[in-house]
Amino acid sequence: SLPAASGLAEMGAHWIHGPSPGNPVFRLASQYGLLGPEAALEENQQAEAGGHPALPSVTYGSSGRVLSPKAVSEARNLFYALLASTRAFQGSKEPPAPSVGEYLRAEIARRVPTMAGGVEDARRLQLAVLAACLKLECCISGTHSMDLVALEPFGEYVSLPGLDCTFPGGYSSLSERLLSALPEGTVLLNKAVRTIRWRGRFRGEGDDARDFPVRVECEDGDAFLADHVIVTVPLGFLKERHQEFFQPPLPERKAEAIRRLGFGTNNKIFLEFEQPFWEPHQQLLEVVWEDESPLEEPSADLEANWFKKLIGFVVLQPPEQHGHVLCGFIAGRESEHMETLSDAEVLSTMTRLLRTVTGNPSLAAPRSILRSRWHSAPYTRGSYSYVAVGSSGDDIDVLAQPLPEDPQDDRPLQLLFAGEATHRTFYSTTHGALLSGWREAERLIQHLGAPVPP
């Protein structure tokens, strides 16, 4: 969470997805009193949003008009019905397509003749909305294209009930509260690790020194000896650096899982305005390019068209806390291209985009811009994981397996692995990351024979 405008900008995790008793992030946040009163309402906790919470929205078209809510909801309902049908192929030996994207496009193509009652203009509009739905799904899955997301295991992902909610004091308020319970100096920041050496015999200093199997070497020259290390670096970092990060290198089975699993980029663009141009009740401003269709290849010219991947903007709530701030979401290679541009270039493009879709050429430019750059960040190299074509949930389990693999090894559990990419049903989420950390802590507690805390 970073200060922005008069409030906070969540550069990373934004919502608690599925805030209900089954979500450990929600339970902790409730326990610490970090949430607003609405999150505590039982009906909000029981709501089945299916990972796509409906916000009061307006949909702008690229022709500079507000699109018909009826036409938009018809197309969106079709999309979500098709998306729900993907769950039927979990465990299937012969799914109808390798990827979610290919399956959805084939199903959309089958319905084109009857779409919008066969009226051509209305049909074109529905196809354009469906193309926008696919872009939104890319943001949710953290991928460049749904053609990269495997169909058969897609249904393994579990959406928890509850209307997504935010932290009034920022998502960081949760980690700050957790940190405050630890002895001072327990957590060292700005201490980048260069290499983890394992399966070794590293001797500490002093008379009672003993051998340790692991030595963690930092970029500043410091080193730490350990019996056990829990590795929680993002999958994007592992994809780029695992071969030199671990010495000896990881077993081939784990290296293969790292290569096969998907890891993409989803970025945010925050725009602060002097005055809102949207209505007070509107919480989501969607953008649809009316000449697009899911059945046609999008432009490969990133420089000219990167901004068309933007799905629209969430209005930060409440304005009394945040000011008048929109948060745009953009995924994939277009998102990575955006990171290479200057703030001035992005702000100018966003101003042009908003003037185009609102049909207001004199719309005031945003007064400030802030954006994430998750792909450029050297220790993340993207945002979060997905199960890619050619991989499966088994790869997630392989990634989560501790090393060394031989259970008879006299020094087990030297390397343990946690993080969202190691949770088979909650990958890509903060609650998946938290549960994976608890899982590995529990593994060590069992190994050490320590009493399990209540």
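1. A salt bridge is taken here as a side-chain nitrogen of Lys or Arg within 4 Å of a carboxyl oxygen of Asp or Glu. The model under discussion is predicted. R194 and E217 form such a salt bridge, with their closest N and O atoms 3.7 Å apart. This pair links distant parts of the chain, since R194 lies in strand 4 (residues 193-197) and E217 in strand 7 (residues 214-218), 23 residues apart.

2. The two partners may also be described by accessibility. R194 is partly exposed, at a relative accessible area of 38%, whereas E217 counts as buried, at 9%. E217 also meets the side chain of R215 in a salt bridge (2.8 Å, N to O). R215 is partly exposed, with 29% relative accessibility.

3. A further salt bridge joins the side chains of R105 and D147 (2.8 Å, N to O). R105 belongs to helix 4 (residues 100-111) and D147 to the loop between helix 5 (120-141) and helix 6 (172-180), 42 residues apart. R105 is partly exposed at 22%, and D147 is partly exposed at 25%.

4. The axes of helix 7 (residues 235-245) and helix 8 (residues 252-260) come within 9 Å and cross at roughly 120°; the two helices are therefore oblique to each other. The crossing is left-handed. L235, L238, K239 and H242 of helix 7 make the contact with A255, I258, R259 and R260 of helix 8. These residues comprise four nonpolar, one polar and three charged.

5. A network of salt bridges links E252, E256, R259, R260 and D395. In total, the count comes to 34 salt bridges.

Conventions. Residues numbered from 1 in each chain as written. Predicted model: local features only at pLDDT ≥ 70, side-chain atom pairs only at ≥ 80, totals over all residues. Heavy atoms only, no water. Axes fitted to C-alpha atoms, helices over the stretch in contact; angles between N-to-C directions. Helix = DSSP H or I, 4+ residues; strand = E, 2+ residues; numbered from the N terminus. Parallel < 35°, antiparallel > 145°, perpendicular 65-115°, else oblique. Left-handed = near helix turned anticlockwise from the far one by under 90°. Contact = heavy atoms within 4.5 Å. Nonpolar A, V, L, I, M, F, W, Y, C, P; charged D, E, K, R; others polar. Buried < 20%, exposed > 50% of the residue type's maximum accessible area, 1.4 Å probe, protein only.
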